[in-house]
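Subject: Structure handover

Hi there,

Here is the structure I promised to pass on to you. Have a look at it first, and then read on for my notes.

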Amino acid sequence: MRSIWNGAISFGLVSIPIKLMNATESHSVSFRQIHTEDGGRIRYRKVCELEDREVTQDEIGKAYEDADGSMIPITDDDLTQLPIPTARTIEIVAFVPEERIDPLQMGSAYYLAASGAPAAKPYTLLREALKRSNRVAIAKFALRGRERLGMLRVVGDAIAMHGLLWPDEVRAPEGVAPDAGVTVRDQELDLADALMDTLGEIDLDDLHDEYREALEEVIAAKAAGEAPRETPEPAAPGKVLDLMAALESSVRAARESRGGEGAGAAEEAEVRSLPQRAASSRRAPKETGGKKSTSAAAKKPAAKKAEAKKSTASSTAKPAARSGRAAKKTAEAGTAKKATGKGATTRSTASKGTAKKAAPRKRSA
């Protein structure tokens, strides 16, 4: 990597000579402007408006345009004499937790390399101090004619610096959020959680620029005199007015694209409305059938009690038969009378209980 700036890190009274290098690179495909009739290259020339002629780079300087349109020349000597202590120094001013830095402030990224053997020890000291403290360093530095704000952090075994916007350069998000009050239901949040769980995590190294790859294929095909491969147009998404339906469709599509992963979470979170019951399906129970079944159930115990009394009476009458016919007739008559009376009493009690039980069913119907 080629260094774009040489200077030093000011860490208290410690000075660390470093080289500044770009940490990122652009892979975008660039184009040239041409004349469509003959393919000639279109170039921009720097022309002086007053003399109407092209000028060289050595003749070009800087100026500030005033409000009235007049130009105020600014020379390189004017810029070098500015009272900027960070002209060739990355001055660390504070150490803060990394979560204190708003990602909106982060800009270009650079690597800081130790410049020479004497810088190795203090460079390593600063790197290990940042690691152990779990903090980042906030610094000021000057680059390309202006003072900037930076954040130093550890990346692997190197120190990286992110250019930061000044706090007053970040706009407040006023008027961005919806003005109308919106209520989100728990079912919608459950489906949104299910969609996030289904999509899951991904290794950022697996992501690539598909547009650039397709563009390179077109360029290669046209360079070889071949027709570019036709790319099928993506299906237009249907207009979904129901948010729940859109979330359910998204969960289903994500589950299919992931080969069935996360199916359990999606199925648990799927919300379905219950079918409405018809009013005609609620019918009142039949009173006659209810009474018959109740009285029949009540008569069975009564009949069993009567049979039990009869059997008891017959067992009692057997010893009395040994004593004589008169005693036997008397015992049978008395026992039968008791059985008849008790059976009648049981039946009347059962019928009364049945009537009482049937009455509430009639009122509920």
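How many aromatic pairs does the count come to? Counting by ring centres within 6.5 Å, the answer is one aromatic pair. Before I go into it, please keep in mind that this is a predicted model.

A pair of aromatic rings is described by the distance of the centres and the angle of the planes. For F11 and F95, the ring centres are 5.9 Å apart and the planes stand at 70°. Planes over 60 degrees apart count as edge-to-face, so the pair of F11 and F95 is edge-to-face.

Now for the chain as a whole. Its secondary structure comes to eight helices and 11 strands. The chain has 365 residues, of which 19% count as buried. Among contacts with a separation of 6 or more, 60% are between residues 24 or more positions apart.

Next, a pair of helices. The axes of helix α3 (residues 186–199) and helix α5 (residues 243–257) come within 9 Å and cross at roughly 20°. Angles under 35 degrees count as roughly parallel, so α3 is roughly parallel to α5. The crossing of α3 past α5 is left-handed. On the α3 side, the contact is made by Q187, E188, L191, A192, A194, L195, T198 and L199. On the α5 side, the residues are L243, M244, L247, E248, S250, V251, A254 and R255. What is the make-up of this contact in nonpolar, polar and charged residues? The residues divide into 10 nonpolar, three polar and three charged.

D52 has a positive phi, near 55°, and is a residue other than glycine. D52 sits in the loop between β3 (47–48) and β4 (53–54), and its 64% relative accessibility means that D52 counts as exposed. N134, also a residue other than glycine, has a positive phi near 55°. N134 is placed in the loop between α2 (120–133) and β9 (135–143). With 64% relative accessibility, N134 counts as exposed.

Finally, two residues whose surroundings I went through. R148 is part of strand β10 (residues 146–155). Setting aside residues up to four places away in sequence, R148 touches A139, K140, F141, L143 and W166. R148 and L164 are 16 residues apart along the chain, and their C-alpha atoms are separated by 7.1 Å.

D157 is in the loop between β10 and β11 (158–164). Is D157 buried or exposed? Its relative accessibility is 59%, so D157 counts as exposed. Leaving out neighbours within four places in sequence, D157 is in contact with Y123, R127 and K131. The C-alpha atoms of D157 and E128 are separated by 9.2 Å, and these two residues are 29 residues apart along the chain.

Happy to go through any of this with you.

Best wishes

Key. Residues are numbered from 1 along each chain as its sequence is written. This is a predicted model: local features need pLDDT of at least 70, side-chain atom pairs count only at pLDDT 80 or more; totals for chains, interfaces and linings use all residues. Side-chain values use heavy atoms; hydrogens and water are left out. Axes are lines fitted to C-alpha atoms, for helices over the stretch in contact, and angles run from 0 to 180 degrees between N-to-C directions. Helices (H or I, at least four residues) and strands (E, at least two) are DSSP runs, numbered from the N terminus. Angles under 35 degrees count as roughly parallel, over 145 as roughly antiparallel, 65 to 115 as roughly perpendicular and the rest as oblique. A crossing is left-handed if the near helix is turned anticlockwise from the far one by less than a right angle, and right-handed if clockwise. Contact means heavy atoms within 4.5 Å. Ala, Val, Leu, Ile, Met, Phe, Trp, Tyr, Cys and Pro count as nonpolar, Asp, Glu, Lys and Arg as charged, and the others, Gly among them, as polar. Rings of Phe, Tyr and Trp (its six-membered ring) pair if their centres lie within 6.5 Å; planes under 30 degrees apart count as stacked, over 60 as edge-to-face and the rest as tilted. Buried means under 20% relative accessible area, exposed over 50%, partly exposed in between (1.4 Å probe, protein chains only).
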